Amino acid sequence: MSVHALPLPLSGTLDRRRFAWPAALLVVAYFVVPLVATSYLLEAILLPFLALSLAALGLNLLTGYCGQLSLGSAAFMAAGAFAAYNFNLRIDGLPLPVTLVLAGLTAAAVGTVFGLPSLRLKGFYLAVSTLAAQFFVQWALTKFGWFSNDNPSGVIDAPKLLVAGLAFDTATGRYLLALTVVAIVTALTVRLVNSPTGRNFIAVRDNETAARVIGVPVLRTKLLAFAISSFIIGVAGVLWAFTYLRTVEPAGFNLDRSFQILFIIIIGGLATIRGAFIGAAFFVVFPLILSRAGSFAFGGLFDSGVLDMSQRIVIGALIILLLILEPRGISALFDRVAARLGRLRGRP
Amino acid sequence: MTFFRSITAAAIAAAVSFGATVVRADEQHFPLQSYRVGPYAAGGTGFFGGFIDYLNLINIRDGGVNGVKLTWSEGETQYEVEKGVEVYERLKSNPGIAAWNPLSVGIAYAMIDRVTQDKVPLLTINHGRTDTTDGRVFPYVFPLLLNPYSETSGIVNYIASKEGGVESLKGKKIVVLYHGSPYGKETIPIYELLAEKYGFTVSQIEVPHPGNEQQAQWLQIRRERPDYVVLRGWGVMNPVALKTAQKTGFPAAKIIGNVWSNSEEDVIPAGDAAIGYTAITTQASGNTYPVVQEIQKVVYDAGKGNLEDKNRIGSVYHNLGIVNGILNVEAVRIAQEKFGQRTLTGDEVRWGFEHLKLDPARVEALGAKDLFHSINVTWDNHEGEGYVTFQQWDGKKWNVVSDWIAPDWALLRPIIEKSSEAYAAEKGIKVRTAEDADAIVN
Amino acid sequence: MEWYDFLFFIEVLVGGLLSGVMYSLVAIGFVLIYKTSGVLNFAQGAMLLFAALTFVSLVERGIPFALALAITLLIMVALGFAIERTVLRPLVNRSPMTLFMATLGLSYIIEGAAQLLWGTQVHGLDLGIDDTPFEVYGVFISKFDLVAAGLAAAMVGGLSAFFHWTRIGLAFRAVADDQFAALAVGLRLNRIWGTVWTAAGFVALVAGLLWGARLGVQFSLSLVVLKALPVLVLGGFDSILGAIVGGLIVGAGEKLAEVYLGPFVGGGIEGWFAYALALAFLLVRPGGLFGKKLVERV
């Protein structure tokens, strides 16, 4: 009885205006950003933003569209990251795109296994049981040295990023690589949610019994949602490890990360594509703005500890406030503002 | 109350230091990825407090290093890797950066590629990735004083000295209780190696993170009836281990803590259960050492101390910060002798660290006799042969109960080289030579 | 089985059961709130930390034990009603997921405030309960754990008495059974919610003190919720009895697994074993031990 009253994705007629904005953003992202962005903007903001957006997109398929609450996202990211590392290490000359797909498939397999309880459980029972994935995957990655090529410190390092002979190891290169992956996966996801499978997801979310009556294979749909969602989250994990941090340990994919991704989609907007991006932008950028503004305004007055604790309070309060004011997330807030602007403009 | 006291303290500090943040020509800068909030804040405030206190001492007492003033800026990380990276990217363009000191393994891992590219030293005192000891492969990373392997060897050597020599280790039984993380697992093969070498038996038991439940592990320990338990803990796992040991009737005097189980924060929550517990350290605690006394006099009495609670002056983390300060400042001083008394580049400071040799006489001259023993970093040995000592908790404070003990570096070096060479092969890194190390690139 | 091995088995079992009581203690706080408002209150851990930190800070400032306890309880009452007023009331009739996220936001606020007020130092907490083991037929039993179990039992007794024999308790049960019907007959939901959050705050205080004495009062105290979640899955989110029995099963199960299964896979399995246990159980009985048959929440 939760996520309904969410908008169905617009389907049918191709509204050209719907694609105008994403296209314009892509042009800016590809041609303007690399020219003007500082290394700070790329390394500290855009790279984590891209990886988190993709992970949120994946979770949004599962939670937003298909209605299955999961707290295991970080585990699937870890599965993807460690799988990519091992495929790349152990199969000589494997092209990076293939590595990405294989990593995604590994994460999808892990996700499907941990999605099995969804066949019997719902809601918070399911959410808590996905925590099993969270703890088990982290345990296994730490326990068995094979996963990290017996590195004594248990960490994995990103390999050289080569696609078709081109090196993508600079900050700009890694950004372009991540951007391309995110753009392709997003495009595929948009297609998916407008396909019959996407509509099955929504049917299962809105009313399982009704979905079964109209012939939706409910169990298969749920597992498929887990698989596809984990695939995307796994690829996001590769971006996180290879393009953003470059050296990661299993502890980096902890429960806090899972919560963060869930936050992103709820604050950004459930069951919308842009919700994932808006939410990720909010969670990457807003704390930074708050911390900069805080230290600019009060830096001389308080030590950084006091400032950071106040920030935590402000962020918590803001989350609650957003939930109260706009349960459908910032994305819906944008729509409201746009609608109002449109009305204003429409006036004589 | 913390909150109000910090307002007044900060207001005074702001009034005093207003305008002092602009970096002028002859300044050496230390960007700090500190953590004063979150689960590990207690360690962070102590360490970064000690570090800043020492930099302050050098500025106030000596007017900087040969006239070059030391500056720093802080970015809060909450011990989180992304925040650490963000702070790195934000502060890395500050002029005159000497070195980075994150005191967090996770953040340090994420910085290895970055500092290597930016050619600035990254210091992980007492912790970090073991194979970065090999300066041939990791030119910019320095696990100063003690890497995890040396720590293991130091602990075993201490147990041997308590038992009356390495021969007496034969037939003894040691249990290692380790934190369920890469950090905790890192020394498993080393304990096994040493057990084989000295003829004791070792059994290693994992405590899952965060370690707030250890009933099962301690019952296992009691069944095994070991002669010693080595506690390789982290955070809340440490007090819980001591409490559960008491609960299952295992004497604290037979428990030996590693370098992340050795602070006041680890034993105070355990109360009386911690009395008699011993732990390894590279820097003794206490405020009787001349350098700590001077910090108290010059810095704290002038109201510029960084610790909010003056009782923490001379605590384990605070002294670690002070020793870290000494090592950083001396590396800058050594590099200045070669390159001139001016602001140095990151690579020049790297050269300084690679010639950081402080013998006991020099350590005494720095006012740190008995605080730490000595260090001898070279271009290929980035750890620098740190000595360890052991302290016992008496319910109020730590008391040193051993001499300075040397780990068995020669035994460990081949294992480290194997790992670093594998890394070099994996990443396609060219192994450095002594000539490479002498060349300055920026 | 050798006699000695048998004794060891009993010791592990008893130790596990007593640890389980500690998990139940945390789980009960969740159950109280879930029963009435359908929220999985993730801020329970933060409340536990806040209560323990407030108490220990007051004691360290020289306030006598009993007075500190009273003041802390008052603060928890105020906190309970404040949460009702500022978070729950504006979010009434929203989806459980929204409410869950709100409690996550709430945990940020409470954790931040706790540390802002009282600092980030770690504290030892001595409740004056001796924690040396005593021996019963060769089995070591912790005195502290027994006292904790006794306290937990007393608390559960007190809570059930409260809910059975007071008007507000009756109203509570009515709301738990059917929120809309309760509203329809004119029960004042706001007051009931305030009371329930206060009760949860009281549970947090008791759990916080007992866990605080075991771990020390520090930030990681809020992580004990992770031990309570599998208990909830096993026992049902809405059953106090389930939370207790679930706690005992999880406690005993994970200790026995760690000791007897752990060595085969390298140990350290406690972290996820409890979840696996709860899951396996749920696949057989989806309603949990004593939970309502209906799991169709969210």
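1. Let's start where chain A meets chain B: 30 residues of chain A are in contact with 36 residues of chain B (two residues are in contact if their C-beta atoms, placed from the backbone, lie within 7 Å). On the chain A side, α2 (39–65), α5 (123–143) and α12 (304–325) each give two or more residues; helices (H or I, at least four residues) are DSSP runs, numbered from the N terminus. That side has 14 nonpolar, nine polar and seven charged residues. Here Ala, Val, Leu, Ile, Met, Phe, Trp, Tyr, Cys and Pro count as nonpolar, Asp, Glu, Lys and Arg as charged, and the others, Gly among them, as polar.

2. A word on the model: it is predicted, with local features needing pLDDT of at least 70 and side-chain atom pairs pLDDT 80 or more, while totals for chains, interfaces and linings use all residues. Residues are numbered from 1 along each chain as its sequence is written, and chains are lettered from A in the order in which they are written.

3. Next, chains C and A: 41 residues of chain C and 36 residues of chain A make up the contact. On the side of chain C, α4 (96–118), α9 (225–235) and α11 (270–284) each supply at least two residues, and α4(C) gives the largest share, 15 residues. This side of chain C holds 28 nonpolar, nine polar and four charged residues.

4. Finally, chain B has domain 1 (24–146 + 285–376 + 417–438) and domain 2 (148–281 + 390–407), with bounds from an automatic or database domain assignment. Their C-alpha centres lie 28 Å apart. Domain 1 of chain B brings 13 residues to the contact and domain 2 of chain B brings 16 residues.
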